[in-house]
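Here is a friendly briefing on one protein model. Have the sequence and the 3D view open while you read.

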Amino acid sequence: MPRVACIANPNARDGKLGKNFHKIEEALGASGIDHDVFMTEGTGHAIEIASGLRDSDYDLVVAIGGDGTVHEVANGIRGSSKRLGIIPMGNGDDFARAIGIPLKDLQGAIDILREGTDYTVGGIRVEGLRAPDHPGIPTPKHYPVTGEPSKEGNLVRWSFLECDGGVTSSINRMKGEGHFSWISGQKKYTFLAIKAILSWKSQMAWIKVDDQPGKRVDLTGLFAMMQAETFGGGYRVAPGMQPFGDSASIVLGFGLSKLQMLRVMGPLEKGKHVGKWGKISMEPCRSFEIRGLDSEGNPTEKGHDPPLFISLDGEISMTTPVRFEFHEGQLNVRGGQSPPNV
């Protein structure tokens, strides 16, 4: 029987987890799981808690919340012998879905803590400028456990689900601000996406995929470096992708009109968007860079103005310039016997 440390975000699912957490504790107790609970108190706190458990005698460190909570707990234990468990209680829960943990099935998730299958997954090291303060959302802190940046003032985080920017990061910013808080699940992301698309103002950028030549692009569209098939509560952004391989995937779709962005939402939900209008592509990727442009159209070390936010696993963390690098074998996880696409 595993001994479990539970790191819970009471604000998950727009505060519903905190109000109903007693049900989770009752279910854990009824299953005979010896557990301790650590409640988070704000952004980044789960990284602090998890990093303090790296040398503990817990068999599992369990993230209870959404993809943001999973992101923080994973950053805290990455590279250690500790294994990540998940009880999905967020709006998206896409990483849990990717490793075969059932959603909206509390007992099913708890059974996997006891009897699940153990895997090792890769991670994407992301380094860039820290996102600035925003009302109610402080600038991210540096945590030694994530590694030292190569440039002073930069931030380092690890992503295990997806990294994205542009319109999709606007969606995550609005989610953090509490827009459509009365809606849950994929429907929330759909409403947020429509609002983000209609208010989006075009920006130009320089990008570079692996060893390919860099190029200038119009960011009206999407880019996402993916380690799973879905994000946004089930949108199949990287069809067929799973987190157990030797690379990530990059999905690029630039220069789309607002009408095209609205029209692609249906195909995106079904994973039928790749190749659409000859503008949306998907390919294996181990490194990706994105920068702003100077007055002469050349890539610069200065950030975009206004800032171009970068989301990691659904959490706004950075602004450009940003570099993403995939590394194999970064995180031990406990999942279901039959994850999707494996």
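- Arg 3 is partly exposed, with a relative accessible area of 26% (buried means under 20%, exposed over 50%, and partly exposed in between, using a 1.4 Å probe and protein chains only).
- Keep in mind that this is a predicted model, where local features need pLDDT of at least 70, side-chain atom pairs count only at pLDDT 80 or more, and totals for chains, interfaces and linings use all residues.
- Residues are numbered from 1 along each chain as its sequence is written, and side-chain values use heavy atoms, with hydrogens and water left out.
- Arg 3 forms a salt bridge with Asp 34, and their closest N and O atoms are 3.6 Å apart (a salt bridge is a side-chain nitrogen of Lys or Arg within 4 Å of a carboxyl oxygen of Asp or Glu).
- Arg 3 sits in strand 1 (residues 3-8) and Asp 34 in strand 2 (residues 34-39), so this pair ties together parts that are 31 residues apart in sequence.
- Helices (H or I, at least four residues) and strands (E, at least two) are DSSP runs, numbered from the N terminus.
- Asp 34 is also partly exposed, at 42% relative accessibility.

- Side chains of opposite charge can pair when their charged atoms come close.
- How many salt bridges does a search of the whole structure find? The search finds 15.
- Arg 83 and Asp 118 are joined through their side chains in one of these, at 3.4 Å from N to O.
- Because Arg 83 belongs to strand 4 (residues 83-88) and Asp 118 to strand 5 (residues 117-130), the pair ties together parts 35 residues apart in sequence.
- Asp 118 counts as partly exposed, with a relative accessible area of 37%.
- Lys 151 and Glu 301 form another salt bridge, at 3.8 Å from N to O.
- Lys 151 lies in the loop between strand 5 and strand 6 (154-159), and Glu 301 in the loop between strand 14 (299-300) and strand 15 (309-312), so parts 150 residues apart in sequence are tied together.
- Lys 151 is partly exposed at 40%, and Glu 301 is partly exposed at 44%.
- Both residues belong to a network of salt bridges that links Lys 151, Glu 289, Arg 291, Glu 301, Arg 323 and Glu 325.

**Two serines to find**

- Is Ser 80 buried or exposed? Ser 80 is buried, with a relative accessible area of 15%, and lies in the loop between helix 3 and strand 4.
- Leaving aside neighbours within four places in sequence, Ser 80 is in contact with Arg 54 and Asn 332 (contact means heavy atoms within 4.5 Å).
- Ser 80 and Ser 51 are 29 residues apart in sequence, with their C-alpha atoms 9.4 Å apart in space.
- Ser 317, found in strand 16 (residues 315-335), is buried with a relative accessible area of 5%.
- Not counting residues up to four places away in sequence, Ser 317 touches several residues, including Leu 129, Pro 140 and Ile 310.

**A cavity inside**

- The structure holds two cavities of 30 Å³ or more (on a 1 Å grid over the protein atoms alone, a cavity is a set of points where a 1.4 Å probe fits but cannot get out, and lining residues have an atom within 4 Å of a point).

Conventions: 1 Å grid on protein atoms, 1.4 Å probe; cavity = no way out; pocket = protein on both sides within 12 Å on 5 of 7 lines; lining within 4 Å. Points joined across faces, edges and corners; volume = space filled by probe spheres on them.
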